Amino acid sequence: MSNLVIVESPAKAKTIKKYLGKDYEVVASMGHVRDLPQARLSVDVNNNFNPRYEIIKGKEKLVDELLELSKKSDAVYLATDPDREGEAISWHLAYILGLDMEAANRVEFNEITKFGVESGMNNPRAINLDLVNAQQARRILDRLVGYKLSPFVSQKIRRGLSAGRVQSVAVRIIVDRENEIREFKPEEYWTVDAKFNPKGSRKVFSASLYGNADGKIEIKSKEQSDKILADLEGAEYKVAKIKSGTRKKSPAPPFITSTLQQEASRKLGYQSRRTMKIAQELYEGVDIDGIGPTGLITYMRTDSLRISADAAREAADYIKSTYSAEYLPAKPRFFKSRSNAQDGHEAIRPTSVMLTPDRVKANLTTDQYKLYKLIWERFTASQMADCIQKTTSVDIEANGYIFKATGYRVDFDGFTLLYVESKDTDEAKENSLPALEKDMTLKLKELLGNQHFTQPPSRYTEASLIKALEEYGIGRPSTYAATISTIVSREYVKRSGKLLNPTELGEALAQLMKERFPKIVNVRFTAQMEQELDTVESGDIEWRDLLSTFYADLEKNLKKAKADMEGVKIHLKEDETDIICEKCGRQMVVKVGRYGKFIACPGYPECKNIKKYVEKVGVTCPECGADVITRKTKTGKIFYGCSSYPECNFMSWNEPTEEKCPQCGGVLFKKKGKKPTLYCAKEGCGFEKK
């Protein structure tokens with residue numbers, strides 16, 4: 001052996017080994033090998049913010065093996081992921097292995113294919129210390145916020161809480177939306193809606209009242225609506241104006257990290273962490289029949305929309321041979337990245353468009369196949385021709401009132417043959433209009449006045465929160481999944497279907513941070529900090545200077561907050577229970593200890609009564625009538641069981657509901673899935689409700 005290549009994961013190592021051959025040993029570091037230890041701050045704030053890194057616990061043996069291999073090698077190449085985090089892992093490895101920091105031993109693989117690996121190995125470079133320092137600055141910033149503020153918020157609200165530089169802003173965004181919803185005052189409005197069909201035709205289409213010759217009419221009450229309906233009694237409806245046109249719809253660009261997470265949430269129901277795990281597997285390589293280990297997608301942590309000319313040419317050849325030349329645009333499509341994009345990598349695309357989803361399906365898990373299909377279709381569609389639609393706008397006149405209807409027909413499907421992007425909100429559906437002519441008389445089929453109320457803004461979903469974080473410039477593509485997982489696991493936010501709702505704990509934390517540490521949860525300030533981290537990466541700001549300025553302000557605010565809130569404790573209603581302490585008569589409360597939640601008497605230390613914490617579902621056991629509670633297996637999987645266990649052995653993987661079966665009166669259970677189904681579990685019944 002003469003050459004050693006170090007990557008992060010065994011799957012990646014296996015794929016790269018195939019391309020490099022017998023002269024190379026490819027091994028995995030299993031992610032980071034050195035970091036700030038968990039037990040203490042590990043940053044010397046009085047000595048220029050020097051970090052005190054240590055080998056991660058449990059990785060000592062691996063590090064010894066890497067040291068041994070490096071000593072036997074003529075050359076060592078560091079091929080960790082091509083981003084800030086990957087650069088930092090390479091830097092730590094170089095330090096541990098005693099490698100020359102200025103030597104050309106760092107290689108990058110944007111795609112793990114023969115071309116990508118050979119290109120990376122042919123262009124080694126020195127470790128980029130600006131990139132490393134940007135990662136160090138972010139890591140230390142987050143450590144300072146977490147370790148300085150977490151004890152304070154734990155003392156003031158509840159033990160075990162954490163404050164984070166990005167997570168606290170995400171919680172505030174969700175809480176601010178909840179406050180908007182609470183403060184929203186709905187306003188009544190009405191529409192007058194009609195259905196027509198041309199005489200001699202069965203084709204029915206819809207139109208809505210627009211106004212009259214003086215302009216648009218806003219209908220605010222039932223009285224207004226009823227007057228218009230009375231005015232239209234017995235009226236003749238004629239086509240007064242027809243306007244036709246053509247519009248082009250262009251395809252969405254290929255995915256970047258944030259749009260992949262959003263679309264996987266909308267179309268597949270995947271949480272962002274799940275999406276990134278699957279994408280990592282596709283990037284690192286899958287064993288494909290007849291080919292062997294192959295990376296199926298380019299690097300998945302990117303905010304660049306750039307694609308290579310070779311990839312565009314291959315897509316054009318595929319589209320032409322599969323769908324015909326008319327499905328190609330006049331010239332290849334290239335997309336412009338956002339102004340603050342790093343542009344270090346290409347957009348997320350298949351490494352070869354010829355590896356169609358059907359070609360690789362047999363070698364992929366169900367999750368891998370679904371995500372790969374999404375990435376493949378999005379990229380291929382992005383290189384296809386526009387969808388051409390013929391639009392029609394119709395004015396219908398009756399007794400001085402004007403109704404409007406719009407519609408379209410597809411003249412050429414273009415990219416929509418393959419893929420259409422999902423949206424967070426439902427778009428108004430347009431009619432498919434029949435053939436109409438000016439002065440044509442229409443037959444009225446239905447005329448109704450309909451009451452509506454303006455709606456508050458929607459709660460965030462994971463997809464819309466990621467979109468908001470990206471638009472605000474908060475965090476980076478690699479941080480979104482971890483941020484959302486953290487705020488949910490810390491119970492600052494809870495999932496309700498796809499919606500993210502703040503808990504009372506989350507609202508209390510956001511309010512405390514907003515009052516005492518306004519900069520930490522300030523969207524604009526956090527976005528500015530991201531920009532400053534980018535300037536560390538570009539070498540324009542010294543990372544220690546950035547930390548010094550930030551820390552001085554943090555310390556000042558923390559000192560003032562401690563003085564102002566001395567002796568103050570924030571009490572949460574959600575911590576109260578309906579359980580009365582049988583020893584002293586007080587109402588018991590939920591507390592959090594080293595091993596999780598438990599129920600305790602608030603009279604401690606006079607009364608030390610404690611009980612096991614159980615989470616009631618809110619329904620009774622269908623077998624014995626006791627409470628049904630949420631329980632977990634040893635691996636952490638949630639199931640539902642009877643609180644009277646072991647006397648009653650009822651359990652279910654699906655959540656029981658309060659709703660009863662209309663056929664047999666049994667309990668209905670909620671079957672998990674993209675569209676949850678209620679079903680009756682009683683043998684022989686078979687009732688289901690979508």
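Predicted model: local features only at pLDDT ≥ 70, side-chain atom pairs only at ≥ 80, totals over all residues.
Let me start with the charged pairs, since side chains of opposite charge can pair when their charged atoms come close. The count for this model comes to 46 salt bridges, and I will pick out a few of them.

In helix H6, which spans residues 167-183, arginine 172 and aspartate 176 are four residues apart and therefore separated by about one helical turn; they form a salt bridge whose closest N and O atoms are 3.1 Å apart. Arginine 172 has a relative accessibility of 18% and counts as buried, because the cut-off for that class is under 20%, whereas aspartate 176, with a relative accessible area of 27%, is partly exposed.

Helix H9, residues 272-284, holds lysine 277 and glutamate 281, again four residues apart, about one turn of the helix, and here the closest N and O atoms of the salt bridge are 2.9 Å apart. Lysine 277 is exposed, at 53% relative accessible area, while glutamate 281 is partly exposed at 26%.

Lysine 12 and glutamate 8 are also joined by a salt bridge, with 3.1 Å between the closest N and O atoms, and both of these residues are buried.

Beyond such pairs, there is a network of salt bridges that links Arg84, Asp303, Arg476, Asp534 and Glu537.

Finally, the serine: serine 464 sits in helix H13, residues 462-472, and is buried, with a relative accessible area of 16%. Its side chain reaches the backbone nitrogen of threonine 461 at 2.8 Å.

Technical notes:
Residues numbered from 1 in each chain as written. Heavy atoms only, no water. Helix = DSSP H or I, 4+ residues; strand = E, 2+ residues; numbered from the N terminus. Buried < 20%, exposed > 50% of the residue type's maximum accessible area, 1.4 Å probe, protein only. Polar contact = N/O pair within 3.5 Å; in protein donor to acceptor, adjacent residues only side chain to side chain. Salt bridge = Lys/Arg side-chain N within 4 Å of Asp/Glu carboxyl O.
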